[in-house]
Amino acid sequence: VVESLATDMRKSASEIQQLRTIVQGSANDEKAALLQIEMEVTRRLEREREKVLAAKVQFEQDRAHQITQWMAPRNAEAADMAKRLLAEQNESLRSLIDEEDAMIDQ
């Protein structure tokens, strides 16, 4: 009976060891699977960050282009106005010079 119990205990110990090995293997498999999932999530997040960054860059480029297009006519108008003002000032200066010349000639 004692020998039978000892044999059963050895068998149980062996089965327990096998179960520990299986559980440990399962835990290692789970760790490996979690690591793979984490790596995939990290890759996807990095791709999404790149997409967001590219979208931000494109938005800023579009905005700069729109501002440039909006400013171009205004800059042209401002340049025309400045030319007109300079022409008027030149005309006024010519008139003053002509008046002074006329006074000097008298």
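What relative accessibility does Arg 47 have, and what does Arg 47 count as?

Analyst: Arg 47 counts as partly exposed, at 41% relative accessibility. Partly exposed lies between buried, under 20% relative accessible area, and exposed, over 50% (1.4 Å probe, protein chains only). This is a predicted model, numbered from 1 along each chain as its sequence is written, and local features need pLDDT of at least 70. Side-chain atom pairs count only at pLDDT 80 or more, while totals for chains, interfaces and linings use all residues; side-chain values use heavy atoms, without hydrogens and water.

Start with the partner. The side chain of Arg 47 meets that of Glu 40 in a salt bridge, 3.7 Å from N to O. A salt bridge here is a side-chain nitrogen of Lys or Arg within 4 Å of a carboxyl oxygen of Asp or Glu. Glu 40 is partly exposed too, at 26% relative accessibility.

Now move along the chain. Glu 46 forms a salt bridge with Arg 49, and their closest N and O atoms are 2.8 Å apart. Why can these two be partners? They are three residues apart in helix α1, so about one helical turn separates them. Glu 46 is partly exposed at 37%. Glu 60 and Arg 63 make another salt bridge, at 3.8 Å from N to O. They too are three residues apart in helix α1, which means a separation of about one helical turn. Glu 60 has a relative accessible area of 41% and is partly exposed. Arg 63 is partly exposed, also with 41%. The structure holds six salt bridges.

The surface has a nonpolar part as well. Leu 34, Ile 37, Val 41 and Leu 45 make a nonpolar surface patch of about 380 Å². Patch residues have over 30% relative accessible area and no salt bridge; like charges are joined within 9 Å, nonpolar side chains within 5 Å. Areas come from the Shrake-Rupley method with a 1.4 Å probe. Ile 37, one of the patch residues, lies in helix α1.

Charge also gathers elsewhere. Glu 91, Asp 98, Glu 99, Glu 100, Asp 101 and Asp 105 form a negative patch on the surface. Glu 100 sits in helix α1, which covers residues 2-105. Over the chain there are 15 positive and 21 negative side chains, and the centres of the two sets are 16 Å apart. Lys and Arg count as positive, Asp and Glu as negative; His and the chain ends are left out.

Last, the setting. The chain has one helix and zero strands. Helices are DSSP runs (H or I) of at least four residues, and strands (E) of at least two. The C-alpha atoms fill a box of roughly 150 × 20 × 10 Å along the principal axes. The radius of gyration is 45 Å, whereas a compact globule of 106 residues would be near 13 Å. That rule is 2.2 Å times the number of residues to the power 0.38, over C-alpha atoms. Leu 93 and Val 52 are 41 residues apart along the chain, and 59 Å separates their C-alpha atoms. Leu 93 is partly exposed, with 49%. Of the 106 residues, 0% count as buried. The accessible surface is about 10,000 Å², with 59% from carbon and sulfur atoms.

Notes
Charge placed at Lys NZ, Arg CZ, Asp CG, Glu CD.
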